[in-house]
Amino acid sequence: MIAEALRRLELDDVPVATPTGRLVGVTGLLLESVGCALRTGQRCMIEMGPGQPWMAAQVVGFRNEVSYLMPFKKPEGLMTGARVLPAPERTPQMIGTSWLGRIVNGLGEPMDGLGRLGGDTPLPSQPPKVNPLRKTPVHEPLDVGVRSINGLLTLGRGQRVGLMAGSGVGKSVLLGLITRQTVADVVVVGLIGERGREVREFIDMSLGPAGLSRSVVVLAPADESPLMRLMATELCHTIAAYYRDQGLHVLLLVDSLTRYAMARREVALALGEPPATRGYPPSVFSMLPELVESAGNGEHPNGSMSAIYTVLAEGDDQQDPVVDTARAILDGHIVLSRSLAERGHYPAVDIGQSISRCAALVAGKPQLAAAVQLKQLMARYEQVRELLPLGAYVPGSDPQTDRAVQLMPRIEAFLQQGTREAAPMQQVLAQLEALLA
């Protein structure tokens, strides 16, 4: 009797049919399937022509009996009535120290030709959320090796900051400088929606062999589907959170947050969500805080996760909706000025428009006082800068302005830095003190 009951249970577990849907529509990157109940976020396989591999896609929405799918690759060669099968449950991907020095795509698949990735810990499918009451506070300075940032806009371990500028002002160059100079155990780089030419340059020139050995690079170039760009951005946050929770100091670099927002906009508009602000649907501005909040420190007392995002200001507009949202949800912003770049001032950091909200937590009082004093001198100089070439400024009327005009060449030399020049924190503090002595 027991054996008979066991056989009956085993037979009940055998599926008598495989649920299969049919492809009934393709509009741009959005695919429509009917005939099979699918969950949002579920992965599916779509039948291609005879002898061709099936195409992978993910369910992004539904309306009545129609399920909306978005493929990971460009949808070419699809035909009406093609079969749509739910993909089998995936075995959780494993992560470990073997990921260091590797380059992967948004699915966590290796792109460097160095074989499979291994590990001993399951990698979550989404960036983990941390109770804000259990997050380790920011209390240590982060040495990024950039004089203007270390001296005047001091960052802390666990801080999240944005590099904001228009196109061609030097965001990626500054990001590469920070990558090479920052003191961190692990660097996680997300190259999202950028030009394919820059990928090899960033890996070879900005990281180099020594930098790559302690890094994990996640790629989703501009020619990837919006779904892959979204997944790559979330994956680099998940990877960084894993190393943070191992007690390591992690630096997360995402280039760029704007491309993530644009990918989210493409998906939302394809699903019929109405545009709200400059073509961005409301869901974009609700997903950005969710992504950014997964960065920062966690519960581990020794681990930290600092994040730096590049944010593209379209048309150099600092009121761009993505820039404005990022400025509100991040712990500081570093603005790059096109006028400084045009004068050959690199890195083109606009000290007056930039701020680090954690500087008061990690910098000493003498440094903060020196930074305020230098900012005041720069503001005084800007008031008379246009008068100097005309000879219209008469020295002697204001001692503070006279001092600003006298010190400005030294201040500009202090703020400029070569792409291969190191500027450690202690050296910068000594130079700042000597400059204002």
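This is a predicted model: local features need pLDDT of at least 70, side-chain atom pairs count only at pLDDT 80 or more; totals for chains, interfaces and linings use all residues.
Strand β12 (residues 160–165) runs parallel to β16, and six bridges join them. Here strands (E, at least two residues) and helices (H or I, at least four) are DSSP runs, numbered from the N terminus. Two strands pair if DSSP finds at least two bridges between them.

Residues are numbered from 1 along each chain as its sequence is written, and side-chain values use heavy atoms, with hydrogens and water left out.

**Strand β16**

How many residues of β16 are buried? Nine of the nine residues (304–312) are, so the strand is largely enclosed by the rest of the structure. Buried means under 20% relative accessible area, exposed means over 50%, and partly exposed lies in between (1.4 Å probe, protein chains only). S304, S306, I308, T310 and L312 point one way from β16. M305, A307, Y309 and V311 point the other way. Both sets are buried.

**The chain as a whole**

The protein chain has 13 helices and 18 strands. Its C-alpha atoms fill a box of roughly 105 × 45 × 40 Å, taken along the principal axes. Of its 437 residues, 51% are buried. The accessible surface is about 20700 Å², and 56% of that belongs to carbon and sulfur atoms. These areas come from the Shrake-Rupley method with a 1.4 Å probe; for residues, only the protein chains shown count as cover. Take the contacts (heavy atoms within 4.5 Å). Among those between residues at least 6 apart in sequence, 71% join residues at least 24 apart.

**Cysteines**

A disulfide is a covalent bond between the sulfur atoms of two cysteines. The cut-off used is a pair of cysteine sulfur atoms within 2.5 Å. The whole structure has zero disulfides by this search. The table covers two cysteines.

| Cysteine | Nearest cysteine sulfur | Distance |
|---|---|---|
| C36, in no disulfide | C44 | 7.1 Å |
| C44, in no disulfide | C36 | 7.1 Å |

C36 has 10% relative accessibility, so it counts as buried. C44 has 0%, so it counts as buried.

**Aromatic rings**

A pair of aromatic rings is described by the distance of the centres and the angle of the planes. Rings of Phe, Tyr and Trp (its six-membered ring) pair if their centres lie within 6.5 Å; planes under 30 degrees apart count as stacked, over 60 as edge-to-face and the rest as tilted. The count by this rule is two aromatic pairs. One of them is Y242 with Y243, an edge-to-face pair at 4.9 Å centre to centre with 70° between the planes. Both Y242 and Y243 are buried.

R265 lies over Y280, 4.3 Å from the ring centre. The rule asks for NZ of Lys or CZ of Arg within 6 Å of the ring centre and within 35 degrees of the ring normal.

**L368**

L368 sits in helix α11 (residues 365–384). Is L368 buried or partly exposed? Its relative accessible area is 28%, so L368 is partly exposed. Not counting residues up to four places away in sequence, L368 touches A359, A360 and A363. L69 is 299 residues from L368 in sequence and 53 Å away in space, C-alpha to C-alpha.
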